[in-house]
Amino acid sequence: MLFEGRFYVAYDYDTEKNVIEWFCESDEFNSLVIIDEYLRIERYKEMRNDYDCGVGWLTNSSKWGNGHEIFIHERFDKLAEDFIVDNNAVVGFFRG
């Protein structure tokens, strides 16, 4: 699988939070796909603070709406790759 694009690797809470805050403040990307084998969605909901940024699971029916949206997925696979390419998304590999 070949992927060309921007990505972030975060190994601790503070770095993960910095990536989410950067994303929520940026107009560069529509969506952030977080690859997290532990699927810690509540953690990421808390990290977005007061930003108007949705958080949900990445599924076959996921679509970018309006504004910033964060999608959680357990692995970087064809679903994640296609969504990132088709929706002007950035990917974060979070291991913290």
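The legends below describe close-up views of a predicted model.

View 1. Five strands form an open sheet in the order S1-S5-S2-S4-S3, and their pairing is parallel. Strand S1 (7-10) and strand S3 (53-57) stand at the edges, where each has a single partner strand, so one side of each is left without a neighbour in the sheet. From one strand to the next, the twist averages 20°. S1 is joined to S5 by 4 bridges, and these two strands run parallel; within this pairing, Phe 7 has Val 91 in S5 as its bridge partner.

**View 2. Strand S4 and its partners.** Strand S4 (68-73) pairs with S2 in the parallel sense over 5 bridges, and S3 and S4 likewise pair in the parallel sense over 5 bridges.

View 3. Helix H3 (residues 78-86) lies across strand S2 (31-35), strand S4 (68-73) and S5, and runs at about 160° to S2. A pair of aromatic rings is described by the distance of the centres and the angle of the planes. The rings of Phe 71 and Phe 83 have centres 4.8 Å apart and planes at 65°, so this pair is edge-to-face, the cut-off being over 60 degrees. Since Phe 71 lies in strand S4 and Phe 83 in helix H3, the pair ties together parts that are 12 residues apart in sequence. Both Phe 71 and Phe 83 are buried.

**View 4. The nonpolar cores.** The largest nonpolar core has 17 residues, and those with the most contacts inside it are Ile 20, Phe 23, Leu 32, Ile 34 and Ile 70. At least two residues of this core are supplied by each of helix H1 (13-25), S2, helix H2 (41-47), S3, S4 and S5, and the largest share, 4 residues, comes from H1. Apart from this core lies another, of 9 residues, among them Val 33, Leu 58, Ala 80 and Ile 84. When its neighbours within four places in sequence are left aside, Phe 23 is in contact with residues including Phe 29, Leu 32, Cys 53, Ile 70 and Val 90.

**View 5. Further aromatic rings.** A search of the whole structure finds 6 aromatic pairs. The rings of Tyr 8 and Trp 22 have their centres 5.2 Å apart and their planes at 50°, so this pair is tilted. The pair links distant parts of the chain, with Tyr 8 in strand S1 and Trp 22 in helix H1, 14 residues apart. Trp 22 has a relative accessibility of 26% and therefore counts as partly exposed. Elsewhere, ring pairs link Phe 7, Phe 76 and Phe 93 into a cluster.

**View 6. The surroundings of Arg 95.** Arg 95 is found in the segment after strand S5 (89-94), and because its relative accessibility is 49%, Arg 95 counts as partly exposed. The side chain of Arg 95 makes a polar contact with the side chain of Glu 37, at 2.8 Å. The C-alpha atoms of Arg 95 and Asp 36 are separated by 6.6 Å, although these residues are 59 residues apart along the chain. Leaving aside neighbours within four places in sequence, Arg 95 is also in contact with Ala 10, Tyr 11, Glu 16 and Arg 40, among others.

How values were computed:
Residues numbered from 1 in each chain as written. Predicted model: local features only at pLDDT ≥ 70, side-chain atom pairs only at ≥ 80, totals over all residues. Heavy atoms only, no water. Buried < 20%, exposed > 50% of the residue type's maximum accessible area, 1.4 Å probe, protein only. Contact = heavy atoms within 4.5 Å. Polar contact = N/O pair within 3.5 Å; in protein donor to acceptor, adjacent residues only side chain to side chain. Pairing = 2+ DSSP bridges. Axes fitted to C-alpha atoms, helices over the stretch in contact; angles between N-to-C directions. Core = buried A, V, L, I, M, F, W, Y, C linked by side-chain atoms within 4.5 Å. Phe/Tyr/Trp six-rings, centres within 6.5 Å; stacked < 30°, edge-to-face > 60°.
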